[in-house]
Amino acid sequence: MTTTTTKKGRFGRFGGQFVPETLMTALQELEEAYDKFKNDEEFQNELNYYLKNYVGRETPLYFAERLTAQFGGAKIYLKREDLNHTGAHKINNALGQALLAKRMGKNKIVAETGAGQHGVATATACALLGMECIVYMGAEDVKRQALNVFRMELLGTKVVGVEKGSATLKDAVNEALRHWVTNIEDTHYILGSAMGPHPFPTIVRDFQRVIGDETRKQILEVENRLPDAVVACIGGGSNSIGMFYPFVEDSDVALYGVEAAGHGIETGKHAAAINGGQTGVLHGAFMYLLQDENGFVQEAHSISAGLDYPGVGPEHCHLHDSGRATYVNITDDEALEGVKLLCKTEGILPALESAHAIAYASKLAKTMSPDEILVICLSGRGDKDVHTISSALGGDLT
Amino acid sequence: MSQLKETILKTTANGDKAFVPYIMAGDGGLDKLQPTILKLQELGVTAIEVGIPFTDPVADGPTIERAGERALAAGTTLRKVVETLQGFVDQVTVPLVAMTYLNPILAYGVEDFARDAKAAGIRGMIIPDMPLEESEIVHPAFKAEGIALVQLVSLASSSERIERLTKASEGFIYAVTVNGITGARQSFADELGEHFKKLQSYTDTPVLAGFGISTPDHVRNFGAICDGVIVGSKIVDSIANDDWVTIEELVKASKVAPVK
Ligand SMILES: Cc1ncc(COP(=O)(O)O)c(C=O)c1O
C-alpha cells in the first residue's frame, strides 16, 4: 500500500520519532499495546459498542440537494460527523485511545486542544470511563473557545491555559508533552490529530478511518459506485486522513485536503503547512512546517482554532509528495462564506474548520458534471464558533 | 577518542569530578556570551554546554524555557551563536557542547553546521528531540568533523535500551536523573546509585548526571556515584542574576583539590 507505516513509523520520508529519550519507552509501550489490541476482537467489540450506542454511529451520508443545486455541478454528499456525540469527529479517536489506555493500565489522561473539540471529546471519554483528565489549551484559544472550556470543566476535566509562545495549539502540545514526560508511569497522552511521533499518526488514523469506511459503504449502497472526489479540511489531519485512507487505493477517487489560508498565504498569516511551509521537525515528526530561515517555528493563523497549527500529519505530507492527494487552501473570509452558505441552503451550522471544506467544494463542484459525486467531510458542528462567527461578521454577541 | 571524552577523563584521572555548566546563549544578549564562557573556564569547569534557544523547547522546564524566550527576544539564532563563538574561539580552552533542538540544525544545513560548529570550538552536541534511532541524519556529518554526539539516557528506558544508548554515546553519557524536564529539584530517587553503576559497567565513557542538580551537596552526592555533573537551571538563573558566588561554590564542590 502507498501509505503503510514502515518499521520506524515513516510515511515516505515523513514521520519518525523525534522525541526526548524519556518518551521513547512510552512510545514503544504504546506501539506494542496498540499492535496487540488493534486486532483483538474483545477490544474492537468494546469500541464498536460505544461508537454505536454512545457516539451515535454510523453517521449519515446525507445527499445535500439544495447545496448541489446551489453549486451547480457535482452531486454533493455530506458525511455528517457533526452529528456525533460532542459535535465532531474527535470523539472517534478520543474514545479509542481512552479504551486503549485503560487496557494499558493507565488511568490518567493528558491531552492538548485547539478548538476545544478534542478536549471536550477526551473529557467526555474520561467521564464515561471514570478516568482522570487534564487538558492543556493555549490561552488565546481559552478565550476564543470559552464555551468548550466550560464544557470540559463540567465534565470534570482540569483545563490548564498555556500562556507560553503563541499561546495556541502548538504550545498546548508542548505542555502536554512535558506533562507526559513527567508523569510517564501512570499517564497516557491522547494526541488529538494524526500527527506527532510514531505510533500516533497511525493510531489516530486507524480510529478515524471509520469515517471513510462508512462513507465507502454508504455511497456504494445509494449510488452503487465510489465518489469522484472527497474533500476534507486539514488541521493536524485526522478527519481528512480518516476519510481519505479507505480510498487511497481507489485511484479514481480524487482526494482534496483543504488547508487554512487565514488572511491569504501571500500575507504570511496562514496555517497552510503544505502549501506555505518547508520540511522540518516539530512535535516528534518530520513534516511540512511553518518556520523561518533559522528553523524557528512560526505561528499559524486561522479564524478556526482547530486548523491553527503550524504543521501537518506525516501521512498527508507523503500523500502530497506522491501526488495521491491534492492540498488546496481557503481563506478566513471564504470559510465564513461557507458557514453562511451551509446554514442557508441546508439548515446546518458547520464548524469553522469544516466550513473550509465546504468553501473549497463550492469551487470544485462547479468544475464537475452533474453525474459526478463529491463527498464533503463535515467534521463538526459550529455551535462552538458562534461568537467568532458573529464578531467576524461584524456582530456583537456577548 | 573524542576531545570531549579525553578532557573529561583527564579531569577525573586526578580525582576531580567533571563539572559542566549549561548556559543559554543570548540570554542577556549575545554580547554576554564571551565574558560568560571565559569566566566559567577561569572557575575551572570541565566543559561548557551552550544552549541554543528554540521556539518549542519540549524538553525544558520553566527556568530554561524563560531564558530561551529572553534569548529569542534578543534575536538569538543558531547561526549568530556559531558566528559569535567563532569570534573568540582562540581564547576558549575548554570543549564546548552545543545543545539545540533538531530543526534549527536542519534549517542551517547539517553539513554546513557541522563544519562551522567545529570552527567555533564545538566538540560535542546534545539534541534533546533526537533519539538514537533518528540520529543517522546528523551523525555522519558530526563524525566527519570530530564532534561527539552525546546521548541522553533516561531512568524510564528499558535495560536493553540503556545498554544500547550507553554504548552509542560519544564524549560522555548524559544520564537524566529524573523522569521529566530540566529544572531544579529537591530530591532524587534512591535507586540512582545502582543505575549509575549499571551505566558505568557498559562503557569507559564518562557518565555525567544532569537535570535538577542545583546545590553543592547535589554535586558532591552525584560526584560520589558517577563521573560528574551537568548543572543547568541553577547556572542559568545565577548568570541572569549575576550571582557568581553561587556558581563558584557549585564548581568547587566537584573538586577534591582546591582550584588554583
Ligand atoms: C470540527 C473540527 N474539524 C477539524 C478539525 C481539525 O483537526 P483534524 O485535521 O485533525 O481533523 C478540528 C480540530 O479541532 C475540529 O474541531
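**Charged pairs and cysteines**

Author: In this predicted model, A:E140 and A:K143 form a salt bridge, with 3.2 Å between their closest N and O atoms.

Reader: Why can such side chains pair?

Author: Side chains of opposite charge can pair when their charged atoms come close. Here, A:E140 and A:K143 lie three residues apart in helix α6 (residues 139-144) of chain A, so about one helical turn separates them. A:E140 is partly exposed at 34% relative accessibility, and A:K143 is exposed at 61%.

Reader: Where in the chain are A:R57 and A:E81, which meet in a salt bridge?

Author: The side chains of A:R57 and A:E81 meet at 2.7 Å, N to O. This pair links distant parts of the chain: A:R57 is in the loop between α2 (41-55) and β3 (61-63) of chain A, and A:E81 is in the loop between β4 (75-80) and α4 (90-103) of chain A, 24 residues apart. Both A:R57 and A:E81 are buried.

Reader: Which residues are linked in a network of salt bridges?

Author: The network links A:E21, B:E133, B:E160, B:R161 and B:R164. Over all chains, a search of the whole structure finds 42 salt bridges.

Reader: How many disulfides does the structure hold?

Author: Zero, over all chains. The closest cysteine sulfur to that of A:C133 belongs to A:C126 and is 3.9 Å away, which is too far for a bond, because a disulfide requires sulfur atoms within 2.5 Å. A:C233 is likewise in no disulfide, the nearest cysteine sulfur, in A:C377, being 7.1 Å away.

Reader: Is A:C233 buried or exposed?

Author: A:C233 counts as buried, at 2% relative accessibility. A:C133 is also buried, at 7%.

Conventions
Residues numbered from 1 in each chain as written. Chains lettered and ligands numbered in written order. Predicted model: local features only at pLDDT ≥ 70, side-chain atom pairs only at ≥ 80, totals over all residues. Heavy atoms only, no water. Buried < 20%, exposed > 50% of the residue type's maximum accessible area, 1.4 Å probe, protein only. Salt bridge = Lys/Arg side-chain N within 4 Å of Asp/Glu carboxyl O. Helix = DSSP H or I, 4+ residues; strand = E, 2+ residues; numbered from the N terminus.
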